[in-house]
Amino acid sequence: MIVGGDVGGTKTLLGLFEPDADRPRAVATHSYATSEHRRVGEILDEFKRAIGPVAIDAAAIGVAGPVVGNAARLTNVSWDIAASEIAAGLGTQRVQVLNDLEALAASVEALTAEDLCVLQPGVERADGNGAVIAAGTGLGEALLHRVEGRLQPVPSEAGHADFAARTEREIELVRMLRERYGRAEVEHVLSGPGLLNVHRFTHRGGECEMLSGVEDAQMPARISQAGLGGRCQQCADALRMFVSAYGAEAGNLALRAVATSGVYVGGGIAPKILPALRTGSFMDAFLAKEPLRELLQQMPVKVIVNPEAGLLGAAIRARELLKVG
Ligand SMILES: [Zn+2]
């Protein structure tokens with residue numbers, strides 16, 4: 001058996017997989033609140049108690065942070081994760097720590113129509129590159145380079161690159177972000193906390209009733225609901241700005257990757273705001289890259305609606321470790 005993991009800033013998923021099927025098949029999946037644990041070892045202990053005595057042959061864990069030398073420090077939680085700790089916890093030497101977006105990107109070739117919601121059909125090129133963008137607790141991006149016919153995930157820290165303002169309003173937003181953080185990162189706009197920043201911006205000079213009594217962690221979801229339901233005009237405005245900026249950044253990534261095989265929108269936020277992503281403003285912003293609009297119109301753009309895609313990608317990587325011997 002193999003183990004796939006997805007360690008996010010909010011939630012950690014661990015899955016026990018059968019490696020033999022075309023697509024690794026999860027036989028047990030468990031979810032843990034990341035911040036309630038001090039080390040990954042604690043979560044591994046709970047997981048092992050839950051799955052019982054099973055021999056584990058390989059494990060790959062996607063982590064929301066840069067991976068250096070098979071170890072990672074989470075960006076949004078004060079944690080370190082090393083392959084050695086996972087190896088000791090699970091009793092296998094075949095362990096890979098990888099960036100969470102690299103894991104998500106590794107799932108792309110195994111995803112089926114049920115896992116995806118199409119925003120733009122495009123024309124999928126079997127010889128083209130792909131790209132994955134995912135806003136959640138943070139913003140992640142990965143390229144998928146076509147190497148010998150297969151899509152090879154390449155991680156990045158693009159969420160911490162500079163946010164590119166396109167309108168006078170976004171320039172105002174950048175001013176606000178610079179005052180707050182010293183610079184404006186893409187993630188300061190495109191993430192759960194980013195949506196809160198945009199909400200702050202659209203509510204300047206006024207309170208928002210929607211957030212009274214709401215816990216910090218629940219605020220982005222509440223803003224999305226208030227925006228989708230039209231219960232607060234400024235919340236709706238914040239969601240519109242968010243969706244447009246998300247489309248624009250997905251377009252930036254598509255250009256950088258020349259993603260003629262497809263652009264995949266993952267992460268926890270997209271499935272929750274699907275109606276807003278389908279209004280057209282996401283794709284309008286995605287395509288507004290003259291003179292390359294036609295190139296972008298040919299690219300398939302799909303939302304990953306399977307919340308366990310990252311876990312599946314990690315399991316696919318774990319299975320590859322078995323081949324190494
Ligand atoms: Zn509001």
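Start with Arg73, which stands opposite Asp80 in strand E7. The model is predicted, so treat each stop as a computed feature. Colour residues 71-73, strand E6, and then E7: the two run antiparallel and are joined by three bridges.

The open sheet here has three strands, ordered E5-E6-E7, with antiparallel pairing. Select 67-68 for E5 and 80-82 for E7; these are the edge strands, and each pairs on one side only. Strands of a sheet pair through backbone hydrogen bonds, and displaying the backbone is a reasonable way to view this stop.

Eight bridges join E2 to E3, and the two strands run antiparallel.

Zoom out and colour by domain. Domain 1 takes 2-106 together with 308-324, and domain 2 takes 112-305. Over C-alpha atoms, the centres of domain 1 and domain 2 lie 26 Å apart.

Where do domain 1 and domain 2 meet, and how many residues are in contact? On the domain 1 side there are 15 residues, and they contact 19 residues of domain 2. Between them the two domains bury about 1,100 Å², with 63% of that on carbon and sulfur atoms. Select Leu101, Leu104 and Ala105: these three supply 38% of the area that domain 1 buries against domain 2, more than any other three residues.

Then show side chains for Arg23 and Asp115. They form a salt bridge, with the closest N and O atoms 2.9 Å apart. Between domain 1 and domain 2 the salt-bridge count is one. Polar contacts between the domains come to two residue pairs, both at pLDDT 80 or more.

Finish with the helices on the domain 1 side. Select 100-107 for helix H3 and 309-324 for helix H11; each supplies at least two residues of the side that touches domain 2. H3 gives the most, with five residues. Coloured by residue type, that side of domain 1 divides into six nonpolar, six polar and three charged residues.

Key. Residues are numbered from 1 along each chain as its sequence is written. This is a predicted model: local features need pLDDT of at least 70, side-chain atom pairs count only at pLDDT 80 or more; totals for chains, interfaces and linings use all residues. Side-chain values use heavy atoms; hydrogens and water are left out. Domain bounds come from an automatic or database domain assignment. Contact means heavy atoms within 4.5 Å. Buried area is the accessible area (1.4 Å probe) that two parts lose on being put together, summed over both. A salt bridge is a side-chain nitrogen of Lys or Arg within 4 Å of a carboxyl oxygen of Asp or Glu. A polar contact is a pair of N or O atoms within 3.5 Å; within protein, one must be able to donate a hydrogen and the other to accept it, and residues adjacent in sequence count only if both atoms are side-chain atoms. Helices (H or I, at least four residues) and strands (E, at least two) are DSSP runs, numbered from the N terminus. Ala, Val, Leu, Ile, Met, Phe, Trp, Tyr, Cys and Pro count as nonpolar, Asp, Glu, Lys and Arg as charged, and the others, Gly among them, as polar. Two strands pair if DSSP finds at least two bridges between them.
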